Amino acid sequence: MIRTRIAAALVGALLVSLFTIGCGDKGADGETPQQFDIKIVCEKCGATDVAKVSDALSNLAWPIDCPKCDTAAAYHYVECISCGKPVPQKDPQTGQFGSPENCPHCGRQPQP
Ligand SMILES: [Zn+2]
Ligand SMILES: [Zn+2]
């Protein structure tokens with residue numbers, strides 16, 4: 001019984017240290033923070049592009065700069081499941097990151 005407990009504790013400690021190591025390579029030691037690509041659409045010129053961000057989408061200040069027309073009018077988008085067109089992830093009230101209830105193109109729910 002005691003042996004089983006020790007074994008379980010060891011396995012637990014091993015898992016914890018593996019987890020810590022796995023998470024430890026993000027931005028540690030002054031390296032560049034982890035970046036990821038997001039799809040963006042510009043509300044001004046309608047261009048779609050890919051932007052690199054290094055923070056959670058809800059932490060960023062929206063809209064971000066459009067690489068095509070140089071205007072701060074670009075939002076992350078998802079493709080509408082009904083019509084396939086880009087749906088800007090913009091809160092209609094605040095203008096910040098959010099998920100609209102209806103697709104601006106077809107009026108249906110853009111996401112399942
Ligand atoms: Zn633009
Ligand atoms: Zn749609």
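Pro63 lies in the loop that connects strand S2 to strand S3 (64-65), where strands, like helices, are DSSP runs numbered from the N terminus (strands E, at least two residues; helices H or I, at least four). The model is predicted: local features need pLDDT of at least 70, side-chain atom pairs count only at pLDDT 80 or more, and totals for chains, interfaces and linings use all residues. Residues are numbered from 1 along each chain as its sequence is written, while chains are lettered from A and ligands numbered from 1 in the order in which they are written.

**Backbone geometry in the loops**
- The peptide bond from Trp62 to Pro63 is cis, and its omega is near -5 degrees.
- Asp70 sits in the loop between S3 and S4 and has a positive phi, near 65 degrees, although the residue is not glycine.
- Most residues other than glycine have a negative phi, and most peptide bonds are trans.
- Asp70 is exposed, with 11 other C-beta atoms within 10 Å (exposed means 12 or fewer such atoms, buried 20 or more, partly exposed in between, with C-beta atoms placed from the backbone).

**Strand pairing**
- Strands S1 and S2 (residues 48-53) run antiparallel and are joined by 6 bridges; two strands pair if DSSP finds at least two bridges between them.
- Across from S2, Asp37 stands opposite Lys52 and Ile40 stands opposite Asp49.
- The hairpin of S1 and S2 has 5 residues between the strands, and Gly46 in its turn has a positive phi of about 80 degrees.
- S1 also pairs with S4, in the antiparallel sense, over 3 bridges.
- Val41 has Tyr75 in S4 as its bridge partner.

**Nonpolar core**
- The largest nonpolar core has 8 residues: Ile40, Val41, Cys42, Trp62, Cys66, Ala73, Ala74 and Tyr75.
- Strand S1 (36-42) and strand S4 (72-79) are the elements that give two or more residues to this core.
- Such a core is a set of buried Ala, Val, Leu, Ile, Met, Phe, Trp, Tyr and Cys residues joined through C-beta atoms within 7 Å.
- Leaving out residues up to four places away in sequence, Ile40 touches Thr48, Asp49, Ala51, Ile64, Ala74, Tyr75, His76 and Tyr77 (contact means C-beta atoms, placed from the backbone, within 7 Å).

Key:
Two residues are in contact if their C-beta atoms, placed from the backbone, lie within 7 Å.
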